[in-house]
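Grab your viewer and work through these exercises. Each one sets a task and then walks through it step by step.

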Amino acid sequence: MLTVGVLGAGQIGSAIAKIVSESGRYRVVASRRNILKIRDLEALGVELTQDNKELASRSDIVIVSVKPHKVVDVLREVSEYLDGKIVISVAAAIPIRSLVEAAPRAKIVRAMPNIAILVKGSFTAYSIGPGLGEEDVRKVEELFKLMGECIEVDEELMDAITALSGSGPAYVSTLIEAMAYAGLKVGLPRELAYYSAAYTVYGSAKLYLETRLHPSIIKEMVLTPAGVTVEGIFYLEEGGIRTAVMKAVEAATKRAREIAERLNKK
Ligand SMILES: NC(=O)c1ccc[n+]([C@@H]2O[C@H](COP(=O)([O-])OP(=O)(O)OC[C@H]3O[C@@H](n4cnc5c(N)ncnc54)[C@H](OP(=O)(O)O)[C@@H]3O)[C@@H](O)[C@H]2O)c1
């Protein structure tokens, strides 16, 4: 059985440790400085340590999930224990080049999941660094598939991916909140307003993913002349919903690039 080490078990890392451990297919070790905060993982069979070196030496695959500005330092700290091991960084903005410099003998993968990992609904994009063979890539995919959907992409797309699907749950949650507010405004009970808004977003995404009908076709299926939906769409278009989303993702991509430049200048 392979041992997966989660170095930096915070929000994302704890979710990864939980999912991987619950699969029953791996031994899992997780680290952070304040392990009292993740005591609940122990009940799921995750071993906890404050010692990153111990974690690295015991693991076959290491997932680094500390904040981006700490990634290079923690990798350097444990580098000598990573000989030939797969190391997956889920940090935004840190390129494979810097990860390889910090841990030259590791097999590096850069990934961008999102917070829906908490419910195994992450969209995870990943880029493979030098030195990984087919078998290594298979192991990486097997891990990501436990967490939701995963797709390999060119690393140059990673900042845009970070801005679209990495940050995406925040945009979609804003939409759900807006729809729920709208429900409250027209008199729906609170619970019903939030539940109906969220389930409608879920169902619409499922409809697209399972049929691959273009979103404009799905929209046409709901629009009737002089009907209810077109009345609503008129105001969404007037409010510039599409340009607002496009500007948001474009600005977030620019910000991801700025952060990457700043962090990788050092
Ligand atoms: N949040 C998201 O939606 C999201 C989405 C995609 C990718 N990411 C990426 O995931 C990474 C983690 O994000 P997060 O939101 O999970 O942050 P987080 O909750 O702050 O988790 C980071 C964890 O690292 C631990 N840590 C800090 N220094 C450490 C050290 N020297 N050794 C071991 N552990 C250490 C911290 O715990 P202690 O202070 O107790 O050590 C903390 O729990 C980031 O790089 C981010 O770019 C996040």
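**Exercise 1.** Find which of the 25 residues around the ligand come nearest, and sort the shell by class.

*Solution.* Next, look at the elements: α1 (11-22) and α3 (68-78) are the ones that give two or more residues to the shell. Helices (H or I, at least four residues) and strands (E, at least two) are DSSP runs, numbered from the N terminus. Finally, the classes: the shell has eleven nonpolar, ten polar and four charged residues. Nonpolar covers Ala, Val, Leu, Ile, Met, Phe, Trp, Tyr, Cys and Pro, charged covers Asp, Glu, Lys and Arg, and the others, Gly among them, count as polar.

Two notes on the ground rules. Residues are numbered from 1 along each chain as its sequence is written. This is a predicted model, where local features need pLDDT of at least 70 and side-chain atom pairs count only at pLDDT 80 or more, while totals for chains, interfaces and linings use all residues.

**Exercise 2.** Work out the strand order of the open sheet and say why one side of β3 and β8 is left without a neighbour.

*Solution.* Read the order across the eight strands: β3-β2-β1-β4-β5-β6-β7-β8, with mixed pairing. β3 (47-49) and β8 (148-152) stand at the edges with a single partner strand each, so one side of each has no neighbour in the sheet. From one strand to the next, the twist averages 25°. Two strands pair if DSSP finds at least two bridges between them. For one parallel example, β1 (residues 2-7) and β4 (residues 61-64) are joined by four bridges, with Leu-7 partnering Val-64.

**Exercise 3.** Are the residues of β6 (residues 107-112) buried or exposed, and which strands pair with β6?

*Solution.* Begin with burial: six of the six residues are buried, meaning 20 or more other C-beta atoms, placed from the backbone, lie within 10 Å of a residue's own. Lys-107, Val-109 and Ala-111 point one way, and Ile-108, Arg-110 and Met-112 the other.

Key: Near = placed C-beta within 6 Å. Buried ≥ 20, exposed ≤ 12 C-beta atoms within 10 Å, placed from the backbone. Axes fitted to C-alpha atoms, helices over the stretch in contact; angles between N-to-C directions.
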